[in-house]
Amino acid sequence: MVLCQLFVQPEAAYISMYELGEAGIAQFRDLNPHVNDFQRRYVSEVRRCSEMERKLRYVGSELPEPPPPPKPSPTVLSPREINILEERIDYIESEIQEITRNAQNLKNDYVSLKELKLLIEKTQTFFQDHSHHRKISASVQVYNNEGVLGHLGFIAGVVATPRVPSFERMLWRISHGNIFFKQAQIDEPLKDPITGHELQKTVFVVFFHGEQIKLRVKKVCHGFQATLYPCPATYKEQQEMLAGVENRIKDMEIVLEQTEQHRRLVLANIARDISTWMVVVRREKAIYHTLNMFSMDIVKKCLIAECWVPKCDLPILQKALDNGVKQSGSPIPSFLHHVPTREIPPTFNRVNKFTCGFQNLIDSYGIASYREVNPALYTIVTFPFLFAVMFGDIGHGIIMTAFAAIVIILEKSLAKKKTDNEIWNIFFGGRYIILLMGIFSIYTGLIYNDIFSKSLNIFGSGWRNVYDNETLMRHKTLELDPATAYTQTPYPFGLDPAWQFASNNIIFLNSFKMKLSIIFGVIHMAFGVTMSVVNFNFFKKNYMIYLQYIPQILFLLLLFWYLCILMFMKWTMYSAVATDPAYGTSCAPSVLIIFINMMLMKKSEVKPPCSLYMYEGQEALQRSLLAVAFLCIPIMLFGKPVYQMMAEKKKKKYQQGVESGEVKEAGAHDGGMGEVLITQAIHTIEYVLGTVSHTASYLRLWALSLAHAQLSAVLWQRVLRAGLGGAVPAGSLMLYVTFAIWAFFTIAILVLMEGLSAFLHTLRLHWVEFMSKFYEGQGYAFVPFSFAAILESEDDELVAQSGGAATE
């Protein structure tokens with residue numbers, strides 16, 4: 001990573017930034033940190049692009065369907081083309097607003113006519129005196145659209161149904177009971193012309209006496225947002241008005257349909273290009289936003305920029321500057337200058353679609369310090385392998401592999417479908433991780449010889465039957481002596497299928513998987529400790545190899561790798577066919593007890609012919625290993641602080657000799673020797689205790705593997721096996737149902753839930769037990785100026801906003 005200083009001519013800056021945005025290789029630094037955003041050079045251009053983006057978003061929100069994907073972008077747009085695009089966007093926005101406004105007004109008029117029609121139909125019953133079966137409208141006179149009955153008047157209108165009780169109560173109070181209120185709910189709900197929601201309305205007629213009450217009634221109607229309509233008092237006039245309203249409604253429906261067709265046609269023409277325009281505007285805005293980070297040299301009249309660039313991409317950067325000068329026709333070239341600096345550069349790891357998922361797992365723990373060893377490369381192998389140790393099953397691995405393979409095959413089409421579903425985005429982003437986890441699970445399933453809790457007998461078992469038929473029929477379970485029933489020929493690959501039927505199957509697998517988990521854990525941690533050597537060599541800290549790495553690796557290997565060696569010795573030395581009784585199966589010692597006795601320096605009692613030790617000189621060797629391991633602790637504790645103290649004294653002595661003590665440079669550790677000792681003590685205690693706890697933590701490989709196998713066996717025995725034992729007619733239906741239940745729980749529990757659990761445990765083993773041995777993760781990410789990244793992030797924000805709006 002190189003810090004570069006660019007001297008760019010203003011007329012060539014836009015084209016050069018376009019080239020760099022397409023390449024995505026430079027992370028620019030803000031050279032105007034104390035300048036307000038509204039006082040920068042290109043603030044007017046940024047505002048202009050923001051306004052165009054706002055208008056395009058408004059037009060996009062009016063589209064009935066999502067627009068098609070953007071077309072391949074052309075070359076750099078000239079200022080004249082940008083002006084033409086801005087004028088077109090302005091015209092389109094004003095046109096859409098006018099069409100929308102006219103359509104909304106027409107819908108308001110249409111709703112008003114529908115309400116008036118329903119009001120006339122409902123109020124015809126209000127003017128009937130049902131007790132005497134005569135029309136009271138015969139003696140009503142009309143005066144200025146106000147109905148008058150003798151000295152009575154009436155007002156008709158429509159009000160929202162939820163407001164009717166309070167509306168009637170308020171009318172009663174302001175008139176002191178001197179009104180007559182009639183209402184009828186409209187059966188057909190009306191649609192709000194603005195929101196499109198259904199509205200429940202009620203028709204009402206208020207009969208009153210006197211002008212003062214009439215004014216009060218109108219104020220109450222206005223307060224409750226009731227719509228008043230003129231209503232004739234006579235039946236004949238009502239019928240005439242009703243016929244006229246119905247004709248106007250039919251005409252309005254035709255106009256509304258034509259307006260909607262015109263609006264759809266305009267939006268369809270716009271939808272073809274709106275995505276392309278949005279990409280152009282966003283690129284334009286990103287370019288000017290980045291140019292605002294540049295400083296202006298008033299004397300030389302050029303823009304000055306600083307950026308971090310990967311060293312191998314410097315030719316691309318120079319080419320982008322040259323293209324900007326060439327296309328702009330500037331007579332003055334742009335210059336590229338390397339700036340020496342002690343500032344820590346950003347961390348950049350080149351990834352592809354395969355390694356991206358694994359790198360994200362590492363970055364979630366912490367961005368690697370600059371030039372620190374990247375564990376993502378090794379995680380590609382170790383992560384799916386440790387997952388498969390816990391998830392080992394051929395059938396479940398095939399399901400996981402098939403899912404990941406389908407997603408990978410369809411990844412191009414699936415990547416185009418933007419969604420705010422976080423679960424799906426996680427699965428899609430980790431599709432290659434899932435593929436490797438599935439493949440490794442198939443491998444470990446073959447080692448465990450386990451497919452949906454059943455075994456495969458491919459090569460033939462190494463165990464044979466030594467009992468006759470009569471003995472087999474008389475006993476439910478029989479014991480096979482390895483000395484006679486075992487052919488001494490191991491199963492060529494994986495676990496012998498005979499263990500599938502053994503009553504001590506769980507006991508055997510417990511011991512086997514527990515020892516395997518300890519062996520894998522020690523190897524994984526030793527590899528992590530060894531990776532620290534790479535960092536020490538690169539950062540010129542060779543003394544740390546002797547003062548930290550060697551004591552740490554010796555402490556780990558002399559104790560826990562020795563434990564693993566005892567496991568291998570027990571597997572190979574003790575046998576049922578051993579000639580020496582001391583090495584028979586009955587004398588096989590407990591490795592855990594031997595290790596505990598080694599740490600506590602005590603002995604256990606054994607009965608003859610068994611031996612206390614597995615080999616000659618075991619006690620002396622174990623005491624020596626324990627002594628060397630414990631001698632490593634003070635080296636880890638005091639080695640680094642003492643070395644730094646001596647180096648600091650030597651440095652000060654050298655400075656005093658050269659400069660006569662006039663110059664005194666501050667030390668790297670201002671807190672003195674005490675702070676260094678405390679820090680190193682914390683690290684030493686953490687490593688020593690962590691070695692024990694981390695080794696025990698790898699037992700989760702055994703625990704989850706056992707739980708996964710037992711859950712699979714329970715589903716087979718309690719669910720699917722019940723459907724295999726029925727008669728032919730009813731048994732077929734029973735098998736169909738039980739298989740559906742078994743398949744559902746297999747995918748939901750064993751593949752999804754158990755897979756998620758194993759994934760999280762594997763992640764913890766890498767973050768805590770493996771990466772803590774060498775990985776600091778104190779860096780910051782390289783974020784280049786890239787059109788692809790900017791457009792993707794903005795699309796994700798839009799998808800999230802649309803999803804949130806839909807949820808609301």
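I sorted the lining of the largest pocket by class and got 23 nonpolar, twelve polar and seven charged residues. Here Ala, Val, Leu, Ile, Met, Phe, Trp, Tyr, Cys and Pro count as nonpolar, Asp, Glu, Lys and Arg as charged, and the others, Gly among them, as polar. This is a predicted model, where local features need pLDDT of at least 70 and side-chain atom pairs pLDDT 80 or more, while totals for chains, interfaces and linings use all residues. Numbering runs from 1 along each chain as its sequence is written, and side-chain values use heavy atoms, without hydrogens and water.

I counted 42 lining residues, with Trp463, Pro482, Trp499, Asn504 and Phe508 nearest the pocket centre. A pocket is an open set of points on a 1 Å grid over the protein atoms alone where a 1.4 Å probe fits, with protein on both sides within 12 Å along at least five of seven lines; lining residues have an atom within 4 Å of a point. α16 gives the most, five residues.

**Helix α18.** Which residues of α18 (591-600) are buried? I found Val591, Ile594, Phe595, Asn597 and Met598. Buried means under 20% relative accessible area, exposed over 50%, partly exposed in between (1.4 Å probe, protein chains only). Helices are DSSP runs of H or I, at least four residues, numbered from the N terminus.

**Arginine 216.** I placed this residue in α5 (residues 211-223). Arginine 216 is partly exposed at 38%, and its side chain reaches the backbone oxygen of isoleucine 174 at 3.0 Å.

Note on methods:
Helices (H or I, at least four residues) and strands (E, at least two) are DSSP runs, numbered from the N terminus. A polar contact is a pair of N or O atoms within 3.5 Å; within protein, one must be able to donate a hydrogen and the other to accept it, and residues adjacent in sequence count only if both atoms are side-chain atoms.
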